[in-house]
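Dear colleague,

Please find below the structure that I am handing over to you. My findings follow directly after it.

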Amino acid sequence: MSYNADDCPDSGDTVGAGGSGTTVELNCATPTSPGMTRQDAVVMHGDGGSIDGGDPATSIPPMAGYEPCDPLIILNLFQSLSATTNSLELQMKINLHLKALTRSPYVFLVPILHSSEEGLIQVINDNVLEKEIRFSINSSHFRSGSHHNGYPFVIDDLNKDFSEVIEMVVGNKHNTLIYDILGPKVSKLQSQTSTTSASSTSSLNELSFTSVQQTHNGATMVAPHQQQQIALFVCIAGDSLSRSRYQFYIDDTFRYVLGHLVTAFELYEEKRVRDQCQNLLQVARRLLGKIGDLGQLLRGVMTEAKELAAAERCSLFLLDKHTGELVSKVFDGNEASKEIRIESGKGIAGYVAQTGKLLNIRNAYQHPLFYKGVDESTGFKTRNILCFPICDEEGVIGVAQLCNKLNGFHFDKCDEEVATAFSVYCGISIMHALVHKQVQKAEARYKLSQELLLYHMKVPDMEVNHAIEAVKEPDREQDELYQTFPRFDFCPRDVKDHALSVQLAMRMFYDLNFVGSFKIHEYKLARFVLLVQKGYRDTPYHNWWHAFSVAHFAYSLMMNLRLIERGIITKMQGFSFLIAAFCHDLDHRGISNSYQTQTSSPLARLYSSEGSVNERHHLSQAICILNDSSSKILDGLSTTEFKECIDYLRELILATDLANHFRILPRLKKLRAEYLTEGSNQRLLLSLMITCCDLNDQIKSWKTVQHVAHLVYAEFFAEGDLEKQMGLRPNAMMDRKKACIPMLQIEFLTTVIRPTFEILVQIFPETDSFLDTIDSNREQWERVRNRAAAQQQGNGSEMASGNGASEPCNGCNATAECCDFTCYTKVND
């Protein structure tokens, strides 16, 4: 329970300085410090003989004018104390004994824990506090005076926390006298941090909140080869008139009970540490049970940390080893609406991550690393912070930050010990969770690989040899085709023959001189193209013909704009660009990223945390083919060149996600022809060009545009049907009952296609014909829309009541070449 001495009745003795806490000048004369003057009425102290654990030679006889306590009372007290080793019970009995002798409103003991450099308050009179109070009293607060000048041991400055804690627990109605009790003498060899003193209660010979003073009062020094530590402080309400009398009774009491009391405190601390270890083991057991879900584990870590240290709030950051930033997606146990990132070395958490050292901040607003802007924006008041690193065998992997100690003054040494031990268990749990996640990913990859191997057939040697011979010795028809093949208006979808498309794909590598420059073996090149072709599924749109069309446009850009010869891109960038165009949709299943995420598909479980689910799978499949010994066309590259190529490949394939394109669109609009080789502009240009390649069907003839629209919406509607079967509501463009294809195509051309190609034309004016073709195709879609509107008006209420025909016309299938799309059309009023 909490205790306040303001509620206690005054004793019969005079007690100075009332409840205002004001300071007055008092003359604190004592037998061992004659004439010493002290200016502090809130906290006072006394001097006396040595209580050092039983050395009669240095004991001070009873002070003149005071009768010693009845031996029977002391004996009964000692008998009562010897019956228990419970430190709380011992304190209550000693407090009541001293209170009866001194008739003071309150008495309490403050044991000093030298191992953790803390003071401890547990009991006021016979009332046990609901929560013990710990505060720091480190060794710098105790200094030895000059032995040459006869100075005794003194305390240089009463810890500010100590004085504030006293006021917190007993109020400021009474002055508080503080006496220090010395423990047994020990050899310097046994304790390098212990202290020496001359007086029994030594009474903190000089205490001051504002200055450091040393006095020499002729006190007897302890032998130089021995040292003493302060075992505890005794705090009693009283004034200077009571000082000497209180000192006498304290001397008389602790001469007999000090050893037993110190042992009890040591047992208490040992039990506390043991219980703390047991609690940590329980925490570890709970955390290890959550390693299957990293998010749940992180929330559990925060909850356990708050409970162990009694904190109001907790934040947990994990270290992104790629960027060096601290990342948090969970705040105070809840999912954050936005990911929080902190640069290395910035702020309190950044400092702890960088140094690997625990930071205990008692006053947050006075610390230079604290940023109070967060408090101002949220209304939360941060008083104190305990921030500690979470480490594995290699170093820091995260940082936990606790805010505002509950039911306490601030985070203490005990909290630091708990945090340090707890961080070890956190590190183990988080590393197990990350490893578990890697295992899950490996299992998912294995299943996908098995699926891929079962789905795709092996490339026969006969097909490889046939492709190589056809490229080396083209027939007359192929020669004629090669003449128009590099042109922008060439339509790859008109090729139709798979074998011929493979030969043309290989021809791209020869025409751009990649085969000779990068030492590509013709057998591996042929097998690479054939494996890529077989790596595409037979979906309506995202199939080999789409990849062939995208690769052709990349080839045409490099050939017609002479990008490599003009130094706009490097040969390595061009090589990676062409490979990415072929592989950018490998093993596409005909469903979108949003569907993958909604249904928690194997791909989503593998890649959803990184975004661009489909694109990351395409990249993975591309690397699998490039790593196959029979199709390793990167064999001729050095290690540095190989890493560079894979890096470009990753960027280019991920850039085909339109979400990434829109994210960098403002930067793309700033590209200018004269600055293409500066900074990151080359990479931005490559991202723009791969997007244009992916959308190149829209700058072909109207016949091709119509055909591609059939293929695209066949996939969209199939996905919409799947969503309906699962009870989901599909997007309007994927709902065959609601989609108005001409309207959707007009919007797509206006908001996506034309703005993207406008940037390309701005950089390369020679491509301005692309915009004319886009505008022409948009006019065609407007005519289709108008015909559909007229037809609907002619049909009257029969058409107006529905969303169009329930079934498409005979021409609307994956291989249809033309259709007026009225069967899919609904005119929206």
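Among contacts between residues at least 6 apart in sequence, 70% join residues that are at least 24 apart. Please note that this is a predicted model.

As to the overall make-up, the protein contains 25 helices and 18 strands. It has 829 residues, of which 51% count as buried. The exposed surface comes to about 38100 Å², and carbon and sulfur atoms supply 51% of that area.

I also looked at the second largest pocket, whose volume is about 1100 Å³. It is lined by 45 residues, and those closest to its centre are His542, Leu658, Phe716, Met733 and Phe748. Several helices take part in this lining: α16 (593–598), α18 (613–627), α20 (658–668), α21 (681–694), α22 (702–725) and α23 (741–763) each supply at least two residues. The largest share, eight residues, comes from α22. Sorted by class, the lining of this pocket comprises 18 nonpolar, 17 polar and 10 charged residues.

One individual residue may also be of interest to you. Gln503 is part of helix α11, which covers residues 498–511. Gln503 counts as buried because its relative accessibility is 4%, where the cut-off for buried is under 20%. Apart from its neighbours within four places in sequence, Gln503 is in contact with His466, Ala467, Ala470, Val471 and Gln478.

With kind regards

Technical notes: Residues are numbered from 1 along each chain as its sequence is written. This is a predicted model: local features need pLDDT of at least 70, side-chain atom pairs count only at pLDDT 80 or more; totals for chains, interfaces and linings use all residues. Side-chain values use heavy atoms; hydrogens and water are left out. On a 1 Å grid over the protein atoms alone, a cavity is a set of points where a 1.4 Å probe fits but cannot get out, and a pocket is an open set with protein on both sides within 12 Å along at least five of seven lines; lining residues have an atom within 4 Å of a point. Grid points are joined across faces, edges and corners, and a volume is the space filled by probe spheres set on the points. Helices (H or I, at least four residues) and strands (E, at least two) are DSSP runs, numbered from the N terminus. Ala, Val, Leu, Ile, Met, Phe, Trp, Tyr, Cys and Pro count as nonpolar, Asp, Glu, Lys and Arg as charged, and the others, Gly among them, as polar. Buried means under 20% relative accessible area, exposed over 50%, partly exposed in between (1.4 Å probe, protein chains only). Contact means heavy atoms within 4.5 Å. Accessible areas come from the Shrake-Rupley method with a 1.4 Å probe; for residues, only the protein chains shown count as cover.
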